[in-house]
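Trainee: I would like to learn how to read a chain-to-chain interface. Can we work through one together?

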There are 4 protein chains.
Amino acid sequence: MDETKRNRPLRADARRNRARVLDAAESVFAADGLSAAMEDIARTAGVGVGTIYRHFPTKDALFEAIIVNRYERLADDADALSAAKDPGEAFFELFTRMVDQAAAQKAFADPLAQAGVDIKASTSAIGQRLLAALERLLIQAQQARAVRDDVGLPEVIAVLSGSCHAAEYAGRDHSVRARALAIVFDGLAPPR
Amino acid sequence: MDETKRNRPLRADARRNRARVLDAAESVFAADGLSAAMEDIARTAGVGVGTIYRHFPTKDALFEAIIVNRYERLADDADALSAAKDPGEAFFELFTRMVDQAAAQKAFADPLAQAGVDIKASTSAIGQRLLAALERLLIQAQQARAVRDDVGLPEVIAVLSGSCHAAEYAGRDHSVRARALAIVFDGLAPPR
Amino acid sequence: MDETKRNRPLRADARRNRARVLDAAESVFAADGLSAAMEDIARTAGVGVGTIYRHFPTKDALFEAIIVNRYERLADDADALSAAKDPGEAFFELFTRMVDQAAAQKAFADPLAQAGVDIKASTSAIGQRLLAALERLLIQAQQARAVRDDVGLPEVIAVLSGSCHAAEYAGRDHSVRARALAIVFDGLAPPR
Amino acid sequence: MDETKRNRPLRADARRNRARVLDAAESVFAADGLSAAMEDIARTAGVGVGTIYRHFPTKDALFEAIIVNRYERLADDADALSAAKDPGEAFFELFTRMVDQAAAQKAFADPLAQAGVDIKASTSAIGQRLLAALERLLIQAQQARAVRDDVGLPEVIAVLSGSCHAAEYAGRDHSVRARALAIVFDGLAPPR
DNA sequence: CATGAATGAGTTTTCATTCAT
DNA sequence: AATGAATGAAAACTCATTCAT
């Protein structure tokens with residue numbers, strides 16, 4: 001009815017609500033897994049369920065948005081690391097960060113794994129950016145002889161995904177996580 | 001009043017149905033994840049829901065029975081391997097089998113991870129047997145210099161759990177799975 | 001197939017089972033109410049559910065059989081009392097016995113009330129005998145000036161049914177039950 | 001963030017639905033007993049089952065709400081009668097009203113009986129109020145020589161509960177109900 | 001725009017009754 | 001005849017999503 005404000009970016013309070021929902025959803029999903037109820041998320045965010053649905057048409061869409069969010073940050077990280085550090089360090093640092101996130105956030109590892117598979121609209125669009133960054137880091141690290149030559153992106157993702165789960169399993173026990181990661185890193189290092 | 005047959009193992013048809021339910025549940029859970037509906041399982045098994053509940057008082061109990069089943073077989077495998085092969089081979093062969101199972105069966109990896117944590121009655125009783133067998137294999141493999149000395153059971157479980165997820169991610173792509181596993185195995189090998 | 005034994009009364013063990021089921025049902029219904037499960041009754045009786053269904057085609061039929069059983073005994077009581085005691089005593093004694101039964105057995109009062117209403121086959125057949133006996137006692141008591149003249153059988157049944165519930169409510173508290181019953185008896189006594 | 005309306009009583013439509021549910025539940029319970037299905041209640045109320053559960057978390061809670069409702073009205077009645085009529089009349093009038101309700105509503109008598117026993121939260125809170133009012137009426141009636149001296153509240157409740165059941169039994173037959181009640185009232189009157 | 005009440009399909013579980021052993 | 005396994009129609013309850021306020 002009111003064609004004055006069609007594609008304006010989003011009213012200030014609306015943007016604030018969107019962010020609050022996203023934060024709440026992230027922590028509720030992390031705590032309860034994917035089966036968390038929308039009402040719980042709404043309550044945590046301090047809004048009504050309707051507000052969630054205004055911003056995200058579907059529970060899946062909300063979840064996807066979280067993933068996209070993470071991927072954006074990780075892709076940013078990847079770019080920054082690529083610029084700031086030497087190739088091997090950059091690669092393993094990103095790997096470590098992702099694993100650390102998984103340790104902190106239940107339900108991080110699974111969607112990560114899916115990112116390489118899914119063709120779901122936005123997820124993969126942004127996922128591609130992350131994957132591309134990861135691949136760049138991998139190739140640079142291989143050229144710098146920090147990572148063995150005979151692995152490609154798919155294997156790295158598989159191992160990364162696995163490591164995230166391993167970290168999730170290790171939970172609060174830092175030393176187990178560290179040693180498990182050490183095994184994987186040794187396995188990724190060039191032979192000899 | 002008929003004390004001849006008190007603790008009879010289970011009538012023939014009942015045993016057959018129990019097995020059918022277990023099979024059906026395994027494949028339906030594998031396909032749909034833990035949120036699969038009991039009715040689907042019943043339909044797949046070709047029985048009524050009531051039959052499932054006669055054998056397993058609860059959805060959780062059914063799931064647990066599947067896990068226990070798997071663990072039993074794996075523990076048996078572990079014992080057999082330990083007797084038949086040289087230590088290093090035995091260890092890596094068991095590791096590989098578990099990962100292969102995970103690749104085939106969604107929802108195998110997660111409960112595996114929990115086995116090291118949970119204290120839930122029967123699950124852990126049998127889980128302990130598997131873990132004990134795994135530890136035995138690990139120690140023997142270490143003594144045979146097939147596995148590096150500085151890892152303990154917790155790390156191995158973490159890495160194993162992670163590898164299962166990696167395999168789940170890799171899905172049907174055998175070569176990715178093989179290469180990912182190779183990375184982990186290299187990481188587990190003794191240095192040099 | 002075997003027409004040798006068509007209408008023979010019932011094999012000895014069958015008769016014994018029937019009685020056991022009836023006993024078990026009586027106590028389980030008393031404890032859990034009408035919603036008690038058939039399996040519980042079977043277990044209590046030490047038989048399989050199938051055996052219950054051999055003797056009673058339906059849960060309702062089983063319940064009815066219990067009621068019929070009680071009514072038979074009460075009708076017998078009524079006859080005996082009528083012969084042995086003076087009319088007033090006989091009437092109030094029967095009344096008291098019924099109320100005592102109700103106090104002991106949950107779910108006794110309700111079906112009693114229905115006996116006056118229901119036309120359900122056997123129940124009412126035997127119920128009629130009890131009601132007839134009750135009416136005889138009532139009339140005799142009225143003739144002996146032990147009960148007021150202006151009440152008929154329906155009122156007596158209503159009050160009796162109510163008293164059974166009152167007794168059920170009073171539960172273990174004997175003195176409350178006694179005083180409640182005293183009120184009713186006073187009300188039934190002839191005026192003055 | 002909008003602190004204007006925190007503990008709002010209930011939106012207009014919500015209140016209307018709550019009342020409809022309560023009404024529907026009352027009549028469905030009255031017709032079918034406590035085992036009535038929630039769906040039936042929902043259909044009768046013209047709402048979805050979910051709506052019932054929004055207002056009452058449990059079938060028991062719904063039932064309790066009905067009882068509480070009745071008790072509130074009866075306690076109000078008791079207070080009004082106590083103020084408006086002479087003690088004896090007030091007592092017997094309340095008694096009669098409760099019995100009339102029971103005649104109309106199956107499943108009214110039983111919970112009444114429990115009110116004297118149960119300690120269940122809200123039920124008994126309001127139940128206490130009713131019982132207190134009843135006791136007040138009783139004592140006043142006794143002081144006015146309208147009720148015999150040797151009965152206490154427990155007996156009165158027992159008899160009242162019993163009378164409710166008697167009325168339930170009598171059903172539509174007004175004259176039976178009236179005469180049955182007359183018996184009880186005579187029993188409650190002071191001797192001679 | 002935000003809210004939270006309403007919806008109803010779908011889920012787990014129970015239990016009277018049937019039927020193969 | 002007895003047994004107890006199987007059946008499947010309910011029943012209570014949940015929760016993603018829609019919509020009136």
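Trainee: How many salt bridges does the rule find across the interface of chain C and chain D?

Mentor: The rule asks for a side-chain nitrogen of Lys or Arg within 4 Å of a carboxyl oxygen of Asp or Glu. Across the interface of chain C and chain D it finds 4 salt bridges. One of them joins C:Arg148 to D:Asp186, with the closest N and O atoms 2.8 Å apart.

Mentor: Some ground rules. This is a predicted model, where local features need pLDDT of at least 70 and side-chain atom pairs count only at pLDDT 80 or more, while totals for chains, interfaces and linings use all residues. Residues are numbered from 1 along each chain as its sequence is written, chains are lettered from A and ligands numbered from 1 in the order in which they are written, and side-chain values use heavy atoms, leaving out hydrogens and water.

Trainee: How many residue pairs are in polar contact across the interface of chain C and chain D?

Mentor: A polar contact is a pair of N or O atoms within 3.5 Å; within protein, one must be able to donate a hydrogen and the other to accept it, and residues adjacent in sequence count only if both atoms are side-chain atoms. Here the rule gives 5 residue pairs, both residues at pLDDT 80 or more.

Trainee: Which helices of chain C each supply at least two residues of the side that touches chain D?

Mentor: Helices are DSSP runs (H or I, at least four residues), numbered from the N terminus. The answer is α6 (109-115), α8 (153-170) and α9 (174-188). α8(C) gives the most, with 10 residues. By class, that side of chain C has 15 nonpolar, 5 polar and 6 charged residues. Ala, Val, Leu, Ile, Met, Phe, Trp, Tyr, Cys and Pro count as nonpolar, Asp, Glu, Lys and Arg as charged, and the others, Gly among them, as polar.

Trainee: What area is buried between chain C and chain D?

Mentor: The size of an interface is often given as the accessible area lost when the parts come together. Buried area uses a 1.4 Å probe and is summed over both parts. Chain C and chain D bury about 2,100 Å², and carbon and sulfur atoms give 71% of that. C:Glu155, C:Tyr169 and C:Ile183 supply 33% of the area that chain C buries against chain D, more than any other three residues.

Trainee: And how many residues of chain A are in contact with chain B?

Mentor: Contact means heavy atoms within 4.5 Å. By that test, 26 residues of chain A meet 26 residues of chain B. Among the salt bridges there, A:Arg179 pairs with B:Glu155, the closest N and O atoms being 3.0 Å apart.

Methods. Buried area is the accessible area (1.4 Å probe) that two parts lose on being put together, summed over both.
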